[in-house]
Amino acid sequence: QQQQQRRRRRRCHRHREEKNEDKAADGNTSNRRTAMLGAVTMATAAAAMMETPRRAEGAMTSSVPKTAKKSLRNVVELTPENFKDYISADAKKPTSNVFVEFYAPWCPFCQKLEPIWNELPNELRKYGNETTVARMNVDKYTDYARAYGVSGFPTLMLFEAGKPVGAKTGLIDMQTALKYAGVSQEKLGLFAGPNKALDIVLTKDQVENARKELDVVRKEVSSGLVGESRDKALSALNVVDGVFVSQL
């Protein structure tokens, strides 16, 4: 009888061990499944994060061209060979006004301006304006960038009788382009709001004369003021003189 009891206890003990082993196996399997699911989730999330920039990059690439077009259908493409035919006091073309975009092919703002610039001649004709619309690649013809003080893109410059009379740097809309090219606010139906205008472009003679006047003022300040007041006035004059020097 005692032997039978011992056999029962051994069977019960083995049964409990087997149950525990099964539970442990189930737990290990569950843990492995959880770990695998976690790994799959993390991998999926990582793939999605990597894909998002690619999609965004693809969208940007498709919406903005990598370089400006070599020529626009309605716009005169200026080169050193034909520049004086349009930009000179005795230009061969019948119109004395030329609106020029100084651009660089890699500039995204120049690329965005292309459809407006190409359509501008047609829009000008609707208002009876005969201004010639042109552009020049000053990334290629760098001497012209230096000659006309181009430091940003696109730089838009209006010439009258071969001389620059106004300039602006940056992307603009069609209405502003028409205004800069000489169409009046009344014709454009702009009876209110800010009066947009090109910045005045000074000639070399104007700049040199202004600097001479500054020299006169500088001498008067030096002799008439003393101490801190004189230093501040001279500093301000030097700043103004620096602006004129940048235009030479």
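**A tour of the core and its rings**

Start by selecting Phe99: at 0% relative accessibility, Phe99 counts as buried (under 20% relative accessible area, with exposed over 50% and partly exposed in between, using a 1.4 Å probe and protein chains only). This is a predicted model, where local features need pLDDT of at least 70, side-chain atom pairs count only at pLDDT 80 or more, and totals for chains, interfaces and linings use all residues. Residues are numbered from 1 along each chain as its sequence is written, and side-chain values use heavy atoms, leaving out hydrogens and water.

Now colour the helices (H or I, at least four residues) and strands (E, at least two), which are DSSP runs numbered from the N terminus. Phe99 lies in strand S2 and Trp117 in helix H3, so the pair ties together parts 18 residues apart in sequence.

Move to helix H5, residues 174-181. Seven of its eight residues are buried, so H5 is largely enclosed by the rest of the structure.

Select Leu178. Beyond its neighbours within four places in sequence, Leu178 is in contact (heavy atoms within 4.5 Å) with residues including Leu120, Leu124 and Leu188.

Last stop: Arg135. Arg135 lies over the face of Tyr103, at 4.2 Å from the ring centre. The rule for a charge over a ring: NZ of Lys or CZ of Arg within 6 Å of the ring centre and within 35 degrees of the ring normal.
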